Amino acid sequence: MKVVYVFRKLRKLCTMNASDQDDYVRRGQILLSGSGSKFEIGEKLGSGAFGQVYQSRYTKKNGTEEGIVAVKLVKYEEGEDADVQREREILNLCAPVENVITLKKAFTFILDEQHFMLFAFEKYGLSLESMLKDRIINVPNTLKVGYIVLGIFEHLQKLGIVFRDLHPGQLLFCSDLVHMKLTDFGMAQQAKRNKNTTKEANTYVYAFDAASVAFLLVCCRTDAKVMDKPELTTSAFVNELRGVKDTLLQNNMMFAYEFVDELTRQMRGNLSYAKLQRALSAGLVTFDPDDKFILTDSVPSMLA
Ligand SMILES: Nc1ncnc2c1ncn2[C@@H]1O[C@H](COP(=O)(O)OP(=O)(O)OP(=O)(O)O)[C@@H](O)[C@H]1O
């Protein structure tokens with residue numbers, strides 16, 4: 001069975017895709033913040049539904065060179081900056097979270113009468129999505145990817161943030177593949193704590209993030225596309241996880257079985273990312289040394 005899910009949100013459907021638009025800026029162009037920070041645009045690194053991302057040289061007002069950063073430009077209509085401001089606010093809250101791409105600077109500006117938010121992030125490299133093109137990753141590395149994401153989500157849960165958009169394109173590796181970090185908080189929200197006072201309600205708020213980790217693991221070992229709708233009832237999430245278990249069985253992924261069982265139990269009660277991490281690492285006992293590795297000369301350390 002192929003797991004096919006639909007992840008993209010209404011907001012993405014309603015917005016004109018940034019990747020379909022002409023480049024917002026050109027190489028060599030200088031963008032200045034109100035406080036005098038300078039960004040010199042370099043090569044385009046990528047684009048998505050909301051933003052175009054460019055390599056840039058960042059110089060502070062006092063002349064201090066901050067080096068090369070990844071500048072994400074998000075266009076918005078005048079007076080409709082709520083989404084970009086929320087993204088900035090959440091990114092600031094996430095500053096202490098390990099393995100989240102660091103935001104170095106953010107400001108709004110107007111270019112050719114268009115309104116933009118500029119987010120300057122630490123520059124990272126390939127995404128997990130591009131790593132997975134035409135190959136699968138080995139069992140220990142699949143577990144490592146899941147383990148890191150669960151650790152991030154545990155911290156986000158403590159901060160009251162739900163990510164709501166986990167897929168392999170949101171995980172970036174540094175150039176030597178030693179570290180992997182989460183990016184793109186465009187869909188993230190702050191959980192309304194007061195409205196979710198019961199344990200069950202809290203679990204429900206975070207259920208999509210937790211369930212999406214199971215889908216991500218499947219993605220690492222199959223050609224399934226990881227997709228799902230965030231707004232589901234608990235029983236609908238439990239049903240989705242039944243589908244994931246079938247996929248695990250059919251794709252020789254029994255190492256993640258205990259994790260999905262634990263996740264299904266937690267969907268009905270108290271959501272603990274730490275317990276999920278333990279259940280995931282328990283899967284290592286089923287590790288098969290003959291499993292495929294993608295380790296090649298061009299894919300070193302982190303995936304070893
Ligand atoms: N910090 C970074 N370093 C290097 N490249 C990056 C960085 N952030 C983003 N990119 C590149 O830019 C692309 C688009 O970035 P991002 O996913 O943040 O935009 P988006 O419009 O919000 O996309 P989405 O459609 O996934 O919501 C990424 O897929 C990646 O290739």
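**Entry 1: the ligand shell**

Which element gives the largest share of the shell around the ligand? I found that E2 does, with three residues. A reminder to myself: I am reading a predicted model.

I then listed the elements that each supply at least two residues of this shell, and they are strand E2 (38–47), strand E3 (51–59) and E4. In total, 21 residues surround the ligand, and the closest are Gly46, Gly48, Ala49, Val53 and Ala70. Sorting the shell by class, I got 10 nonpolar, eight polar and three charged residues.

**Entry 2: the two domains**

I checked the domain assignment, which gives domain 1 (14–122) and domain 2 (128–303). Back at the ligand, I noted that each of these two domains contributes at least three residues to the shell.

Next I looked at where the domains meet: 12 residues of domain 1 are in contact with 16 residues of domain 2. On the side of domain 1 that touches domain 2, the largest share is four residues from H2. That side of domain 1 divides into nine nonpolar, one polar and two charged residues.

**Entry 3: helix H2**

I tested the length of helix H2 (residues 82–93) first. At 1.5 Å a residue, its 12 residues should span 16 Å, and the end C-alpha atoms are 16 Å apart, so the two agree.

Which residues of H2 are buried? I wrote down Val84, Glu87, Ile90 and Leu91. Looking down the axis of H2, I saw that its buried residues fall within an arc of 125°, so they line one face of the helix.

What do the buried residues of H2 pack against? My list is strand E4 (65–76), strand E5 (103–111), strand E6 (114–122), strand E7 (161–162) and strand E10 (189–190).

**Entry 4: helix H4**

I ran the length check again on helix H4 (residues 139–159). Its 21 residues should span 30 Å at 1.5 Å a residue, and the end C-alpha atoms are 31 Å apart, which agrees.

I also looked up burial in H4, where the buried residues include Val139, Leu143, Val149, Ile152, Phe153 and Leu156. Asn141, Thr142 and Gln157 are among the buried residues of H4 too. Just after H4, I noted that Gly160 takes a positive phi of about 80°.

Note on methods:
Residues numbered from 1 in each chain as written. Predicted model: local features only at pLDDT ≥ 70, side-chain atom pairs only at ≥ 80, totals over all residues. Expected span 1.5 Å × (residues − 1). Buried ≥ 20, exposed ≤ 12 C-beta atoms within 10 Å, placed from the backbone. Arc of directions from axis to C-beta. Contact = placed C-beta atoms within 7 Å. Domains from an automatic or database assignment. Nonpolar A, V, L, I, M, F, W, Y, C, P; charged D, E, K, R; others polar. Near = placed C-beta within 6 Å.
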